[in-house]
Amino acid sequence: MPAEPIKVGLISLGCAKNLVDSEIMVGHLHKAGMVMTPDPELADVLIVNTCSFIDESKEESIEAIMEVNRDRGMSRRRQGQKLIVAGCMSQRFSKSLPGIMPEVDAFIGLDQIVKVVPIINELLARDKKSEVPENFVTSNPTYIPDYDTPRFRLTPAHFAYVKIAEGCNHPCTFCIIPRIRGRHRSRTTESVVQEARDLVNSGAKELNLISQDTTYFGMDHWEQKAGPRQPVDSSRGESLSTLLRELQKIKGEFWIRLLYTHPAHWSDELIQTIAECDKVARYIDIPLQHISANMLQRMQRETSEEYIRTLIKKIRTGIPDITLRTTFIVGFPGETEEDFATLLDFIRDTKFERLGVFRYSQEEDSRAAKMDNQIPEKIKKQRLKAAMTLQKEMADVIEARFIGRGMKVLVETPGVARSEADAPEVDGKVFVPENLPVGEFARVTIRQTRGYDLVGN
C-alpha cells in the first residue's frame with residue numbers, strides 16, 4: 001500500500017502580507033502531495049506563521065506557540081508531531097529564539113517559505129527530537145513571489161490579496177519592518193498583471209494590492225537614475241500608475257483596492273490615474289501616523305504637515321467620492337499635549353471616512369525605543385480613547401450621509417456585504433437581504449446606520 005500523505009496544520013497570524021506567505025507555503029505543500037488538516041490531532045507537522053510588528057502581535061504569536069506545544073504534550077497521539085515556527089518573529093529573533101524555545105523543532109525565515117517541503121521532510125526523517133531546534137533562517141531576505149509561484153488561497157473565492165512588492169526602504173524610527181523584511185523589491189508589472197488576470201478568471205471580484213509601501217512600486221527599478229526624492233514620473237519606468245492602467249485593461253467586473261500607501265510617494269499622476277480607472281476602488285489606505293511637525297520629524301516620516309494637508313486636498317479634489325482610511329500613533333516619545341491637540345484638530349477638520357489609532361509600542365532595536373521622553377502607558381490609553389471617541393463622532397456624521405443612497409456592494413456571506421468604501425477585515429459592513437448571492441456584486445439602497453455599519457435593501 002502507498003504511504004499515507006504527510007498531514008500539515010497551519011496557524012497564520014498577523015497582516016494580509018503574512019497571509020500571502022502562508023498561502024505560498026500551503027501551495028508548495030499541496031504541490032508536494034502533502035495534505036492540510038484543520039485538526040491538530042491529525043497533523044504530523046504544525047506550522048505557526050508569526051507576526052512581531054508590535055508587542056501585542058508578539059504576545060499573540062508566543063501564546064499560539066505555547067498553546068500548540070502544551071496541547072502536543074497532553075496528547076499521546078501527538079508525541080511525534082513536529083512544530084515549525086515561521087514568519088516575522090522567526091526572522092526578527094533568529095539568533096535568540098532557538099535558545100528560548102527548545103520545544104520548537106525548527107525555525108524558518110521569510111526566504112524559507114518556498115523551502116518548507118524539504119525542511120518538513122528533513123525533520124520527519126529523524127528518529128527523535130534534537131536538543132537544539134534547527135534554525136533555517138537566513139539574514140537579509142531577498143525572496144519575492146512571481147505569478148506562477150505555487151499558492152493556495154486562504155481567502156474566500158471572491159477576493160484575494162496580491163503582493164506587488166516586498167520589503168521597505170523607509171527610515172521610520174518606530175518601525176523594525178525594514179530589518180525584518182529587507183530592502184524594498186518590486187515585482188514586474190507583467191508578473192502582477194498575469195496573477196491578477198488569473199485571479200479574475202477564477203472568479204475573484206476584488207484584488208487588494210499590498211506591500212509595505214504600494215506607492216513605491218517600480219521605483220526601486222529606476223530610483224538610482226532618478227535620484228532620491230525626485231517626483232514620481234512613470235516615463236522613468238514602472239510605477240504604481242503604470243501598473244493600475246495595465247490592471248484596468250483586464251476584462252471583467254472587479255475592484256482593485258489600494259492598501260498600505262505611503263504619503264511620501266503620492267503624485268499628481270497617481271491621483272489622475274485613479275480618477276480615470278473605474279475599476280480602481282474609490283478607497284485609499286494612507287497611514288499618516290501623525291500631523292504635528294514635531295512628531296513627523298521625530299518619527300522621520302519624510303513628510304511635513306503642510307505636505308500632508310495639501311495632499312489630502314489634492315486627493316479629494318482629484319478623485320470625487322473617495323474614501324480615505326488612515327492610522328495614527330498616539331503616545332510616541334516626546335508627544336506633548338500640544339502635539340496631541342494638533343492631531344485631534346486634524347481629525348476633526350479632515351473627517352476621515354475610516355480611521356484607526358494605535359498606542360505607541362516601544363519596539364526593541366528601533367531608534368524610537370532609545371528616545372527620551374517615553375510616554376506612560378496611562379497617558380497613551382487616555383489619548384487613544386480620546387482620539388477614537390472623536391472619530392466615532394465623525395463617523396456618525398459621515399455614515400448618516402449614505403441614508404437613502406444607492407450603493408454597489410460585494411456580498412461576503414448571507415446577509416453581509418462590503419461597499420467600495422470598506423476593505424476586508426478592517427472596515428465596516430453593509431447588512432443586506434440574505435437571498436443575495438454570496439461572492440457577487442449587488443445594488444442596495446441604504447436605509448439606516450448601525451454604528452460603523454450600514455443597513456440596506
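Biologist: How many helices and strands does the secondary structure of the protein come to?
Modeller: Elements here are DSSP runs, numbered from the N terminus: helices are H or I with at least four residues, strands are E with at least two. The protein has 14 helices and 19 strands. This is a predicted model, where local features need pLDDT of at least 70, side-chain atom pairs count only at pLDDT 80 or more, and totals for chains, interfaces and linings use all residues. Residues are numbered from 1 along each chain as its sequence is written, and side-chain values use heavy atoms, with hydrogens and water left out.

Biologist: What share of the residues is buried?
Modeller: Buried means under 20% relative accessible area, exposed over 50%, partly exposed in between (1.4 Å probe, protein chains only). Of the 457 residues, 55% are buried.

Biologist: Which share of the contacts joins residues at least 24 apart?
Modeller: A contact means heavy atoms within 4.5 Å. Take the contacts between residues at least 6 apart in sequence: 75% join residues at least 24 apart.

Biologist: Where are the mean positions of the positive and negative charges, relative to each other?
Modeller: Lys and Arg count as positive, Asp and Glu as negative; His and the chain ends are not counted. Each charge is placed at NZ of Lys, CZ of Arg, CG of Asp or CD of Glu. The mean positions of the 62 positive and 66 negative charges are 1 Å apart.

Biologist: How many aromatic pairs does a search of the whole structure find?
Modeller: A pair of aromatic rings is described by the distance of the centres and the angle of the planes. Rings of Phe, Tyr and Trp (its six-membered ring) pair if their centres lie within 6.5 Å; planes under 30 degrees apart are stacked, over 60 edge-to-face, the rest tilted. The search finds seven pairs. In one of them, F328 and F346 have ring centres 6.2 Å apart and planes at 75 degrees, so the pair is edge-to-face. This pair links distant parts of the chain, 18 residues apart: F328 sits in strand β13 (residues 323-330), F346 in helix α13 (residues 337-350). F328 is buried at 0% relative accessible area, and F346 is buried at 2%.

Biologist: Which residues form one aromatic cluster?
Modeller: F174, F332 and Y360 do. Now look at S366, in the loop between β14 (354-359) and α14 (377-400). S366 is buried, at 2% relative accessibility. Beyond its neighbours within four places in sequence, S366 contacts T173, F174, C175, I176 and Y360.

Biologist: Is M66 buried or partly exposed?
Modeller: M66 is partly exposed, at 30% relative accessibility. M66 lies in helix α2 (residues 55-74). Neighbours within four places aside, M66 contacts M101 and E103. M66 and E103 are 37 residues apart in sequence and 8.9 Å apart in space, C-alpha to C-alpha.

Biologist: Which residues does V20 touch, not counting those up to four places away in sequence?
Modeller: V20 touches R151, Y161, K163 and I210. V20 belongs to helix α1 (residues 16-31) and is buried, with a relative accessible area of 2%.
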